[in-house]
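Hi everyone, thanks for coming. Let's look at this one together, and please keep the structure open while I talk.

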Amino acid sequence: MTEQAPANEKLLATAGALFVSFPHCVTLGMQYLGNVGRKPTLKVAWRDDLVGNPASGVLHGGVITSIVDTCSAIAVTAHMDELETIATLDLRIDYLKAATPGKAIYCTAECYRLASQIAFTRAVCYHDSPDDPIAHGVATFMRDSNPKPMLAEGAA
């Protein structure tokens with residue numbers, strides 16, 4: 001099956017770089033690895049300071065929540081011709097198993113419906129393969145949530 005190309009490849013790359021530059025994403029060490037079609041992938045490397053349970057070494061659930069939210073937002077931009085401000089309306093995470101201590105977490109997301117006011121996404125977090133998920137996420141985003149542009153004129 002051929003992946004659908006982004007509506008605006010430059011915009012998607014710009015949005016990916018922009019979103020992982022937000023302070024909380026920088027703190028988590030989030031990296032934009034690129035996209036396949038309209039599906040971006042992010043990575044967060046395992047670090048001691050991100051552990052939620054020192055006895056087990058498992059990453060804090062907030063790391064999963066942040067990577068799902070960020071990757072899903074980037075997936076929404078894959079459908080846009082021009083960047084719009086968006087805001088997370090709802091985010092649900094199903095934790096399927098604990099992340100393995102010492103291993104990076106990847107997240108791939110897709111926007112499966114872009115309506116006039118709302119975008120709908122789904123995401124999967126994993127170590128080695130999306131076929132062996134750590135967590136699944138679904139989210140909705142409000143489109144044009146703020147009249148202020150996210151980027152300077154002509155940046156994307």
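Let me begin with T65, which counts as partly exposed because its relative accessibility is 28%. For these words, buried means under 20% relative accessible area, exposed means over 50%, and partly exposed lies in between, using a 1.4 Å probe and protein chains only. Before going further: this is a predicted model, where local features need pLDDT of at least 70, side-chain atom pairs count only at pLDDT 80 or more, and totals for chains, interfaces and linings use all residues. Residues are numbered from 1 along each chain as its sequence is written, and side-chain values use heavy atoms, with hydrogens and water left out.

So where is T65 found? T65 is in helix α3. Helices here are DSSP runs of H or I with at least four residues, strands are runs of E with at least two, and both are numbered from the N terminus. Setting aside neighbours within four places in sequence, T65 is in contact with L91, I93 and Y95, where contact means heavy atoms within 4.5 Å. T65 and D94 are 29 residues apart in sequence, and their C-alpha atoms are 10 Å apart in space.

Y95 is partly exposed, with a relative accessible area of 44%. With neighbours within four places left aside, the contacts of Y95 are G61, I64, T65, I134 and A135. A135 is 40 residues from Y95 along the chain, yet their C-alpha atoms are separated by 4.4 Å.

Now back to α3, and to its packing partner. Two packed helices are described by the angle between their axes and the distance between the axes. Axes are lines fitted to C-alpha atoms, for helices over the stretch in contact, and angles run from 0 to 180 degrees between N-to-C directions. Helix α1, residues 9–20, packs with helix α3, residues 61–77, at an angle of about 160°, with the axes 9 Å apart. The two are therefore roughly antiparallel; that word is for angles over 145 degrees, while under 35 is roughly parallel, 65 to 115 roughly perpendicular and the rest oblique. Which residues make the contact? From α1 they are L11, L12, A15, G16 and F19, and from α3 they are T70, A73, I74 and T77. This set divides into 6 nonpolar, 3 polar and no charged residues.

Buried or exposed, L50? L50 counts as buried, at 7% relative accessibility, whereas D48 is exposed, with a relative accessible area of 62%. Beyond neighbours within four places, L50 is in contact with L28, V44, A45, L59, H60 and V63. As for D48, its C-alpha atom is 9.3 Å from that of P101, 53 residues away in sequence.

Last, the annotations. An unreviewed UniProt entry places a "transmembrane region" at residues 12–33, and that span is 68% helix and 14% strand. The unreviewed entry also gives "domain: Thioesterase" for residues 57–128, a span that is 24% helix and 43% strand, with its end C-alpha atoms 18 Å apart. UniProt positions are in the numbering used here, feature names are shortened, and annotations may be inferred rather than shown by experiment.

Methods
Ala, Val, Leu, Ile, Met, Phe, Trp, Tyr, Cys and Pro count as nonpolar, Asp, Glu, Lys and Arg as charged, and the others, Gly among them, as polar.
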